[in-house]
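Please read the following explanation with the sequence and the model side by side.

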Amino acid sequence: MTVLQIVLTIVALPLLLYLPGWALARVLPLAPADMLEASFERVAIGALWNGWLAILLGALGVFSLGLHLVLTLLFCALCVFIARRLYSNSITTRSSAPSAVQKGTIAQQLAYAAVLLLALLLVARPFEVVLGVRDAGVYANTGFALARHGGLIQDDAVLAGLGQDALSADAVVSEPAAQALSNFTIAQPRDRYIATRLRAAGFFVNEGDTPAGRVVPQGLHLLPAWIGLLTAIGGPYLGLFAPGLLGVLGVWSVGMLGRRLAGAWVGGLAMLFLALNGVQIWFARYSTAETVAQFLIFAGLYFFCRTVLANENGTIGFGGRTAQSDSHVSHSGCYGLLAGIAMGQVALARIDFFLLGPVVLYLGYRWFTRRWAAGDWGLLFGLGAMLVHAALHVVFVARAYFFDTGFDRFQDYALTAWLALPFLSEGVRAAYLADPEAAMNRPLRVALELGLALLVFAGVVALRWAAARMGQRSPLLRFENWLQAYRPRLITLIMVAVLLLGAIPTWCARAFLRPRYWLQCRAALRRSSCARRQDPASSCKAMSRADSTARRYVLV
């Protein structure tokens with residue numbers, strides 16, 4: 001890193017992380033918090049803003065550090081202007097009051113800062129050798145290309161030239177170009193893959209895009225956007241630090257969630273143990289998307305916790321409501337919005353965004369029990385906005401990665417196969433339609449799935465109506481009350497089960513590493529082989545020799 005890059009990193013990175021959250025906190029009516037919580041919320045909001053803006057500009061092909069900074073400053077200025085118009089003289093006192101629930105002491109703040117510094121030091125040096133045709137290499141190269149050229153989609157002039165020559169009517173030109181393409185790229189079956197060519201492993205060329213030289217890196221691109229942003233600030237070495245930065249934010253998110261749920265020292269110990277975890281250090285130094293998902297999930301859970309605490313003052317029972325002050329409504333709505341945005345951005349980082357399933361079930365349960373509140377609207381809007389962005393990103397950027405990866409899973413059900421059909425290439429679409437065993441090509445299967453979906457929806461609506469009529473006598477409400485009554489015992493039981501599950505791998509490893517275990521396996525294999533073969537004598541002699549050899553190696 002040059003001196004200019006070091007200075008730019010020291011000045012720009014803290015401002016990018018803190019300033020958007022500070023400005024947005026002027027507008028959103030967030031609940032009062034102590035300094036530790038307020039600082040975390042501002043940094044988390046800043047991280048959500050910067051990651052989202054970077055991937056948006058990269059998908060549009062207009063990313064640059066200058067444009068990113070200008071848009072961020074305009075966003076902050078707009079927030080401050082709106083706050084001054086809305087709150088006038090109260091702007092300096094709205095979010096600076098200490099929390100009545102939990103006041104952070106100086107000792108707590110110093111302890112949390114020390115753990116964060118330790119986590120930062122452990123991951124400050126990223127892996128310097130990254131294999132180019134694996135996920136980590138694809139992410140890193142995509143981020144570097146984004147910082148250099150401004151787009152997630154890369155234009156390859158050599159590939160475009162060969163593709164155009166291969167379409168020439170002159171055989172003297174087209175035949176050598178076609179041969180060069182076969183040597184220069186990796187071909188894939190057009191009836192199986194939308195990306196019929198690979199510029200290199202992990203870099204897709206969709207069917208028909210060869211003459212344009214359009215190369216799309218695999219994966220979903222929130223981490224490459226972060227790598228590109230940090231590379232634009234401080235060079236490639238700082239770009240490789242993106243997983244480490246998000247890993248530190250993930251550690252902080254775990255600590256703040258634990259602090260909110262169980263107290264300061266629980267959160268502090270959770271931070272410390274996670275920061276010292278070897279797997280955490282590995283993934284925080286390696287350019288894969290695990291730390292991105294970790295930060296987004298736990299930041300979302302923290303904001304979700306604040307949402308639930310605000311909602312508890314508003315609704316009870318099936319349709320029964322208590323008076324909810326305007327402040328609680330606004331607090332829950334804002335925290336729900338932030339929780340939805342954080343959890344929804346997981347869909348921009350990883351294809352296996354399993355957390356969204358429980359979130360959708362939670363919203364469905366709130367609707368079913370007629371407890372819908374402002375926090376639920378915020379959660380739905382934030383989650384929906386990010387899912388719409390993720391869907392657009394898949395359609396216009398990551399189409400080959402998404403649908404080629406789910407080629408078999410989409411065909412498991414008729415409805416999903418028909419929904420995927422418009423986004424497939426011509427060859428893959430023909431393969432879908434030509435398979436007589438596929439679920440989508442069975443008329444009865446399509447009718448069955450549609451009927452089942454409608455039946456489930458009608459059943460849920462009917463049960464919701466019946467539960468509202470029964471009120472407090474509803475079995476679902478009684479079961480919920482039972483869970484709340486025995487919550488401490490159930491939590492303790494779950495924790496004991498988690499500890500026992502954690503001990504099972506250790507027990508299995510000790511059992512598998514014992515020489516006696518392997519000798520017993522060898523003896524069982526020998527007996528089975530001898531019984532099946534026509535010449536048991538020779539087979540047993542061979543197995544006995546192998547057994548004695550294995551015993552010597554085990555004993556050594």
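F204 stands opposite V216 of strand β5. The model that shows this pairing is a predicted one. The contact between the two strands runs through two bridges, which join β4, residues 203–205, to β5 in antiparallel fashion.

β5 also pairs with β1. This strand, β5, covers residues 214–217, and two bridges link β1 to β5, again antiparallel. Within that pairing, D155 has R214 as its bridge partner, and Q154 stands opposite V215.

These pairings belong to an open sheet of five strands, ordered β1-β5-β4-β3-β2 and paired antiparallel. The edges of the sheet are held by β1 (154–155) and β2 (186–187); each has a single partner strand, so one side of each has no neighbour in the sheet. As a rule for reading such an arrangement, side chains in a regular strand alternate between the two faces of the sheet.

How many cavities of 30 Å³ or more does a search of the whole structure find? The search finds four. The second largest cavity holds about 50 Å³ of space. Its lining is made up of A119, L122, V123, G244, G247, V248, V251, A275, Q280, I281 and A284. Two or more of the lining residues come from each of the helices α4 (106–123), α10 (242–262) and α12 (278–285). Which of the elements gives the most to this lining? It is α10, with four residues. Sorted by class, the lining of the second largest cavity has eight nonpolar residues and three polar ones, and no charged residue takes part.

N50 is placed in helix α2, which spans residues 35–60. Is N50 buried or exposed? Its relative accessibility is 1%, and the limit for a buried residue is under 20%, so N50 counts as buried. What is N50 in contact with, once its neighbours within four places in sequence are left aside? The contacts of N50 are L16, L17, P20, H68, T72, W226 and L229.

Key
Residues are numbered from 1 along each chain as its sequence is written. This is a predicted model: local features need pLDDT of at least 70, side-chain atom pairs count only at pLDDT 80 or more; totals for chains, interfaces and linings use all residues. Side-chain values use heavy atoms; hydrogens and water are left out. Two strands pair if DSSP finds at least two bridges between them. On a 1 Å grid over the protein atoms alone, a cavity is a set of points where a 1.4 Å probe fits but cannot get out, and a pocket is an open set with protein on both sides within 12 Å along at least five of seven lines; lining residues have an atom within 4 Å of a point. Grid points are joined across faces, edges and corners, and a volume is the space filled by probe spheres set on the points. Ala, Val, Leu, Ile, Met, Phe, Trp, Tyr, Cys and Pro count as nonpolar, Asp, Glu, Lys and Arg as charged, and the others, Gly among them, as polar. Buried means under 20% relative accessible area, exposed over 50%, partly exposed in between (1.4 Å probe, protein chains only). Contact means heavy atoms within 4.5 Å.
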